[in-house]
Amino acid sequence: MEGMELVAFNIISHVGTAKSLVMEALYAARDGKFSEAEAKLKESKDYLSLGHHAHFDLIQKEAAGEQLSLSLLMMHAEDQMMSVETMTDLVKEMIYMHKELATVKSMVNSQIS
């Protein structure tokens with residue numbers, strides 16, 4: 001495997017790891033582990049950035065006049081990258097809601113005690 005296939009698989013691998021970390025962040029927040037959730041989001045951003053760099057390198061090559069072939073595999077890689085970006089935005093909001101809910105629960109519990 002070489003060339004475009006390798007780049008596509010690198011993108012898929014990096015953004016796949018980012019997606020897993022984003023979901024782990026959500027699960028941690030659901031369990032009230034907010035610092036763990038933030039750490040998972042930061043780590044996912046690093047992996048997503050690696051995917052973006054590989055993709056950006058291709059864009060630079062094409063902009064410089066190099067003819068690149070478009071494959072279904074590369075389309076899949078780009079689709080995965082965009083999906084993870086959207087997922088990340090939504091999960092960040094969901095983590096915020098979990099924090100707010102935890103604050104409300106804490107206030108209610110302190111009033112009951």
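This is a predicted model: local features need pLDDT of at least 70, side-chain atom pairs count only at pLDDT 80 or more; totals for chains, interfaces and linings use all residues.
**Notebook: helix packing and nonpolar cores**

Residues are numbered from 1 along each chain as its sequence is written, and side-chain values use heavy atoms, with hydrogens and water left out.

**Entry: α2 and α3**

I take helices as DSSP runs of H or I of at least four residues, numbered from the N terminus. Helix α3 covers residues 72-112, and α2 packs with α3 at an angle of about 160°, their axes being 11 Å apart. Axes here are lines fitted to C-alpha atoms over the stretch in contact, and angles run from 0 to 180 degrees between N-to-C directions. The pair is therefore roughly antiparallel (an angle over 145 degrees).

I listed the residues in contact (heavy atoms within 4.5 Å). On the α2 side they include F34, L41, L48 and H55, and on the α3 side M74, M81, V91 and I95 are among them. By class I recorded 11 nonpolar, four polar and five charged residues. Ala, Val, Leu, Ile, Met, Phe, Trp, Tyr, Cys and Pro count as nonpolar, Asp, Glu, Lys and Arg as charged, and the others, Gly among them, as polar.

**Entry: α1 and α2**

I then turned to α1 (residues 3-30) and α2 (residues 34-63), which pack at about 165° with axes 8 Å apart. That angle makes α1 roughly antiparallel to α2. Their crossing is left-handed, and their contact has 18 nonpolar, five polar and four charged residues.

**Entry: S44**

Is S44 buried or exposed? I found S44 in helix α2; it counts as buried because its relative accessibility is 2% (the limit is under 20%, with a 1.4 Å probe and protein chains only). Beyond residues up to four places away in sequence, S44 touches A18, L21 and V22.

**Entry: the cores**

I looked up the nonpolar cores, each a set of buried Ala, Val, Leu, Ile, Met, Phe, Trp, Tyr and Cys residues joined through side-chain atoms within 4.5 Å. The largest has 14 residues, and I11, V15, L48, M74 and A77 have the most contacts inside it. Helices α1, α2 and α3 each supply at least two residues of this core, and α1 gives the most, with six. Leaving aside neighbours within four places in sequence, M74 is in contact with M4, V7, A8, I11 and L58.

Note on methods: Angles under 35 degrees count as roughly parallel, over 145 as roughly antiparallel, 65 to 115 as roughly perpendicular and the rest as oblique. A crossing is left-handed if the near helix is turned anticlockwise from the far one by less than a right angle, and right-handed if clockwise. Buried means under 20% relative accessible area, exposed over 50%, partly exposed in between (1.4 Å probe, protein chains only).
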